[in-house]
Amino acid sequence: MSGAARRRVTVASVAFLVCIGAVAARAQQRPAPLGESAAVLVERARAAYVQGRHQDALETARRAVEVAPRSIAAQLARGGMAEFMGEFDEAAQAYAQAQSLAPNDNAARYRMASFATRIGDYDRALRELDGILATQPTPAQLVFRWAPPFVQRPLLKRTPALEQLVELQIDIMMEKGDLTGARRLAYRHAIVEAGRDYCAEANQKKAGHGSSDDVFKAFRLAALAQPESADCIWWYGQWLTDEGYMRLGRLMVDEGTRVTGSAANKESGNRFVRIRLGGTRPVSKRAESLFMIAKQRYLRDDDADGAARLFDESLRLSPAFARPYSYKARLALDDGDREAAIRWLQRGVEADPDSWRTWHNLGRVLLAAQRWDEAERALTRAVELFPDDVGGQLALARALYARGDWDGYRTHTEHALGVARGVRGESVREPTEFLAKFQRWGAGAALPPTPDPRVILGWNQD
Amino acid sequence: MKLVFALLAVGALVAPASAGEVYRWIDGASVVYSDQPPQDGVVTTAMPAPEPLPVVTAPDVAPAEPTAASATASAPPLQNDVVISAAPATVDEILELSGVRPQLPNLVRSIGAGYLPAPGQLSERDGGRVAQIIARQFASQPIYAAMRDDVASRVEARHLATMAAWFRSPLARKISALEIDASKPESAEKIVAFAAGLKASPPTPARLELVQRLDWVTGTSHDTTDLTLVIVASVARASATAAPADRRARIGVIERRVEEMRPQMTAGVANNVLAQMLYVYGPLSDAELEAYVDFLGSPAGRAYSQLTHAALLRAVGDAADRTATQIARAVPPARWAAAQRIAGPAPAR
């Protein structure tokens, strides 16, 4: 490309990024045609959100809409907070209102696209993104669509909003199952580059105990850049699983399983999908999103009532989705109601009899209730489904010990310690010491300890 | 046997209480405890026992001078005031001979003391209310009765007979006397001095092995941790109940947080228990201690340990819950000038 051509591209790019850059920030920056108080309320809602007072932020955004129902900024603030809190009907209403007020407003379009992705309306999301691009000058559109990666890279780097748009497009395609299209897009827009070993980088981050977010991003890039890297695609799927992304997690693990040449790995992948990701049981995107937001409201905001309502809604939409049952049980335990917790977990294993984690959780609650026989049955099922379940094996060993089955105790403890030693020996120090005493002196009076360590990516967090 | 160690652990958490006298006598097959001396003529046993039995504890006695670190407990005389008979064993007899009952008043008093405000923490009036509640809830007799009934409802007759055979033996009586002696407030400083000297004068490997095995077969460290956590949880639950609704922690969350303290606490308690055992059983020969360990490791010995521990946990747990709840109602947390001492001192910064 000549110097002049490159400059033209640059000029066009600048024009483009100005247009796109305005999209994301517009709700905050545009002088709103509304009374001062509505603008102040929107600002206050934003501040409350930043400070982690999420319910306050939503209430304040609602008041802003009451004060100025025709304010796009107020509607977007309300939609954004409602979406963040899992109040999807309210969010949909606010975004629709914003779009009806300003049909060509790119900020409203982008928010609608993002929301549509969250609830699984991918076609709508893509239409909105196409709509945003269509409002750009033709040269900018051409640059965005056809410029080579070395032009795209600086363009995206200097334009976070544009990069956000591309990333959203990629996510949508991945969630739709169009991995080839997602990869093509990632290469075209220089999200990934040829010849770089993203998989090795991701493994390095994983081994180096990088933050969960860093590890996730690294494996995502590996899955996009290296279609043949079965293990990395698989790790990405397992990370997604832990976080609660059932659908994309399932797609990634399926893909890793398809790509791997090892028969044992294929079997392992298929088993993971069956016992950890619900197999072929349907989980709607909306139910999945509600579940993830409910977890946040519970764990981050300590909002048990709000979380319980969203878990209920998630179960109403996808009754075979096992994971919300475990959280409903946890909420019941928080209320000190162990019997209710057991009932929730029993419903969970009825809804998905292959859900290893639900059996595991049920077994542990029964163990705490000293219902040894029932605990033994539930935990036996858990470790049948996933023999490397260290916490499950140790819990089963305790149930057997309580019933005087010393051989059973020893067998399951030794198995658990064998699995854990290779990964995180320190996490099983107590059971190791307990077993040593048992072997030296026979059965003692206290029951064996039952830590439930996080051992392997993909098997945690619920 | 575990009570002495529970007492020492609780003693480490709380300040010793002032205490009134406790009287004990045997009435037929039952052993009666009271803060009032028995009336003339009520003491009837299978063996002549014309005099009311002596006062068991005198916690307001001034502490003894610290002894040399290497000194262990001295062997007290056998409990001549306890009637031994060949009659069928009763739970009362087992709890008496094993030293559970004699040690209980000190234990419950120490636990109750944990709820007392530090000087100046509460007004005189509020302090008085708290003291009244504690005195009512931590009276040893009802707690003993609850424990006895609990054990009686669960113990198997065959085990009871074996327990009696052991606890009636001279060696068992000697051991119970050692445990009772160590549970007295004046022993606390001796034990601390003894533990401090263990590095310089370590026990023989054989003796260490024996006390480790003793802890293993009885689960003493574990049970002592249990008891401590039960008390901590009761205070936390009561504080939560008294907190304003919007700041009230949920019961299950409190219990989970308390349970999370267990691993850290267990290691510390285990070390203390071992040191205490080395002190308490110091006067025994290895053969005598081994015989004790063997009994406690037998099915009857295990049943004894498990039943008494479970009964103690339930009885003390109920009393602790009632106390904490009533205190929180009578004197809401806002009126406490500082954190409750039962929660322990603030960590060093």
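Helix 7 (residues 170-182) of chain B has 13 residues, and the distance from its first C-alpha to its last is 18 Å. This is close to the 18 Å expected at 1.5 Å a residue, where the expected span is 1.5 Å times one less than the number of residues. Helices here are DSSP runs of H or I with at least four residues, strands are runs of E with at least two, and both are numbered from the N terminus. The model is predicted: local features need pLDDT of at least 70, side-chain atom pairs count only at pLDDT 80 or more, and totals for chains, interfaces and linings use all residues. Residues are numbered from 1 along each chain as its sequence is written, with chains lettered from A and ligands numbered from 1 in the order in which they are written.

Helix 7 of chain B is mostly covered, with 10 of its 13 residues buried. A residue is buried if 20 or more other C-beta atoms lie within 10 Å of its own, exposed if 12 or fewer do, and partly exposed in between; the C-beta atoms are placed from the backbone. The buried set includes the charged residues B:Arg173, B:Glu179 and B:Asp181. It also includes B:Ala172, B:Ile175, B:Ala177, B:Leu178 and B:Ile180.

Two residues are in contact if their C-beta atoms, placed from the backbone, lie within 7 Å. Residues 338-349 of chain B also have a pLDDT below 50, with 16 such contacts. Where pLDDT is low, the predicted coordinates should not be read in detail. For the complex, the predictor gives an ipTM of 0.73 and a pTM of 0.80.

Chain A has 25 helices and 0 strands. Its C-alpha trace spans about 85 × 55 × 35 Å along the principal axes. Of its 462 residues, 47% are buried. Among contacts in chain A between residues at least 6 apart in sequence, 54% join residues at least 24 apart.

The largest nonpolar core holds 126 residues. Such a core is a set of buried Ala, Val, Leu, Ile, Met, Phe, Trp, Tyr and Cys residues joined through C-beta atoms within 7 Å. A:Val42, A:Ala61, A:Ala64, A:Phe219, A:Ala222 and A:Tyr236 touch the most other members. Helix 13 (residues 212-225) of chain A gives the largest share, 9 residues. Apart from this core lies another, of 80 residues, including B:Val100, B:Tyr144, B:Phe167 and B:Val258. Beyond its neighbours within four places in sequence, A:Ala61 is in contact with A:Val42, A:Ala45, A:Ala74, A:Ala77, A:Arg78 and A:Met81.

Helix 7 (residues 122-134) of chain A also has 13 residues, and its end C-alpha atoms are 18 Å apart, in agreement with the 18 Å they should span at 1.5 Å a residue. A:Ala125, A:Glu128, A:Leu129 and A:Ile132 are buried in this helix. The face turned away from the buried side carries the exposed residues A:Asp123, A:Asp130 and A:Ala134.

Two loop residues of chain A have positive phi without being glycine. A:Ala190 has a phi near 60° and lies in the loop between helix 11 (179-188) and helix 12 (198-207). A:Ala190 counts as buried because it has 20 C-beta neighbours inside 10 Å. A:Asp302 has a phi of about 55° and is found in the loop between helix 17 (285-299) and helix 18 (304-317). With 13 C-beta neighbours inside 10 Å, A:Asp302 counts as partly exposed.

At the interface, 10 residues of chain A are in contact with 13 residues of chain B. On the chain A side, helix 19 (323-334) and helix 25 (429-441) are the elements that give two or more residues. By class, this side has 5 nonpolar, 2 polar and 3 charged residues. Ala, Val, Leu, Ile, Met, Phe, Trp, Tyr, Cys and Pro count as nonpolar, Asp, Glu, Lys and Arg as charged, and the others, Gly among them, as polar.

Technical notes. pLDDT is the predictor's confidence in each residue, from 0 to 100.
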